[in-house]
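Q: I would like to learn how to read a sheet and its packing from a model. Please show the structure and take me through it.

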Amino acid sequence: MLIMFKVKNYASFKNEAVLDMRATSYIQHPSHEIPVDEKLCLLKTAAIFGANASGKSNLILAMDFFGQYILSQLMNREKENLLNSKQVKKKVIPFLLDSDVKKASEFEITFLNNDKQFRYGFECDSDIVYSEWLFIDDKKVFERTGTKIIFGRLYQKILGAYKTVPAERLYIAVLDYFLDRADKKVILDDFISFFTDAYTVFAETTFEAGNYDMCNQWLCFDEIAENQVLKRQVEKCLQMLDTGISRIEVETKDRIDVHTGRTKKVYLLSIVHNVYDDNGNVTGEKILGMNHESTGVIRFIVYIQNTVRMILNGGVLVIDEMSARLHHMAEKLMTDIFCSNQNKKAQLIFTTNDVSLLNNNQFRRDEVMFIEKNRRGESKLYALSDLKVREDATFGKDYLQGKYGAVPDIDFKKMKKI
C-alpha cells in the first residue's frame, strides 16, 4: 500500500510535490480508511482534480516513470523483457521553464508490502544516477551519493562486499544481480514484488495508440484465465454496468517472444454476447474479439480487471483521466468498490474531470486533491483538507466557483472578439 509519493523537478513540477495517502483525523466515511497500526491509517482513494494543462497527467507520468525506471534497471530480468532501459531513461524530463534548468529529477516513494515499510528514492537525469537511498522500517539500508555508498549498521555485513556501482545504474539493480537468494529475500524480494505485482499505473498515453493487440496484452493477465473467482467477479461487474456482455471467453495461443525468440503461451480475452430472436428470447451466444467493443468498454474491462485483482490481493491502482471514455456510473462503480468495506488492502489514485464525483457523499476532504499551475508554469499539488473547508460543504459547486483554485482562468469577455 502506498503511504507517500514525492516528485521534484519533473515536467511541470519544479518544486517538490507530495501525494500523501495518510488519513487525517476526520470521522466521515470510516470505510474509506485502511488501518495499519495505532499511528498509521491510509486512505483507500485519492481523486485529483485540476484544469487542463495543470499538471495532473504529469503527476501520473512521474509515478509511471518511477516504476518503469526501477524495473528496467534490474539486470537479472532484462532478458524477460520487463522494460527497455534506454527508452525509459528518455522519459526523464526536468522542469524546463526556468532560466537555470537543473538536470536531475528526484523521486521518492514510501510504501508497505508484506508487513515491511520501505522508503526508497533516487535523483537522476537521462544518463546518470546522482543519489539513491533505501530504508526498511525506518532503518537505513544504504545511501548513495554519486558512486559512493554508505551502508546502514544492520546491513553492513550483507552489503559491504558490493561497493561498486556504475554511474548509470541504480544500486538496487546491482544488488538484484549479485546478492544470493537468502540475502535478496531479506532486502529486495518484498521491495521488487511491490512494483511487479502491486503497483499498476495507467497513464493516458497508454490508450492513445488505439492498438487492439496492445489492448489484448493489457487484458491477458494469467490470473483471469487461471483464477475462476477473479474471472467471475470481473464478469459480475460488467453485467452490473449493463454492457450487454454475458461472460468472458479465454483462449490460449502460442506466441514468439520478439526479444528471446522463444515460444510462450499467452491468454487472449474475447467477449461473449447473447443472441436474441425478435421476441427478445436468448437463442444463443456470439463470441466477439476486442475490436468489436467500444474504447469505453475496453477501458472499463482493463480497469475493473485490475480493480478486482487488487481487492483480492492488495495493491495500488493509478489511473490518469479515469473519466475519459468512461461513463460517470462506471467511474463511480470503481470508486465505490475501492471505498467499500470488502476492500481491506487496495488503493485507487486517479485524476478526473468528472466534477459530479466531487461531493461529500463520495469523498472525505482528505481524499480530494487538486493540481494547479501558476503563471510560471509550475504545478502545485494540495488536498482539500489543506484548506479551511466544512465537512458539509458542496465540494463540486464551490470548486467550479473557484473557491479551491485549480480551475481554468477563462476570460469570457474575450469571447466576443473571437
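Q: Which strands does helix α1 lie across, and at what angle does α1 run to β7?
A: The model is predicted: local features need pLDDT of at least 70, side-chain atom pairs count only at pLDDT 80 or more, and totals for chains, interfaces and linings use all residues. Residues are numbered from 1 along each chain as its sequence is written, and side-chain values use heavy atoms, with hydrogens and water left out. Helices (H or I, at least four residues) and strands (E, at least two) are DSSP runs numbered from the N terminus; contact means heavy atoms within 4.5 Å. Axes are lines fitted to C-alpha atoms, for helices over the stretch in contact, with angles from 0 to 180 degrees between N-to-C directions. Here α1 (residues 56-73) lies across β1, β2, β6 (105-113), β7 (116-124) and β8 (129-136), at about 100° to β7. Helix α4 (residues 171-178) also packs on the sheet, where α4 touches β7, β8, β9 (139-145) and β10 and makes about 115° with the direction of β9.

Q: What is the strand order in this open sheet?
A: Strands of a sheet pair through backbone hydrogen bonds, either parallel or antiparallel. Two strands count as paired if DSSP finds at least two bridges between them. The seven strands here follow the order β2-β1-β6-β7-β8-β9-β10, with antiparallel pairing. On average, neighbouring strands are turned by 10° against each other, direction ignored.

Q: How many bridges join β1 to β2?
A: Four bridges join β1 (residues 2-8) to antiparallel β2; M4 has D20 in β2 as its bridge partner.

Q: How many residues lie between β7 and β8 in their hairpin?
A: Four residues lie between them. Seven bridges join this antiparallel pair, and Y120 stands opposite L134 in β8. On to β9: six bridges join β8 to β9, also antiparallel, with W133 opposite E143 in β9. The hairpin of β8 and β9 has two residues between the strands, and D137 takes a positive phi near 50° there.

Q: How many residues of β8 are buried?
A: Buried means under 20% relative accessible area, exposed over 50%, partly exposed in between (1.4 Å probe, protein chains only). Seven of the eight residues of β8 are buried, so β8 is largely enclosed by the rest of the structure. In the protein chain, buried residues make up 51% of the 418 residues.
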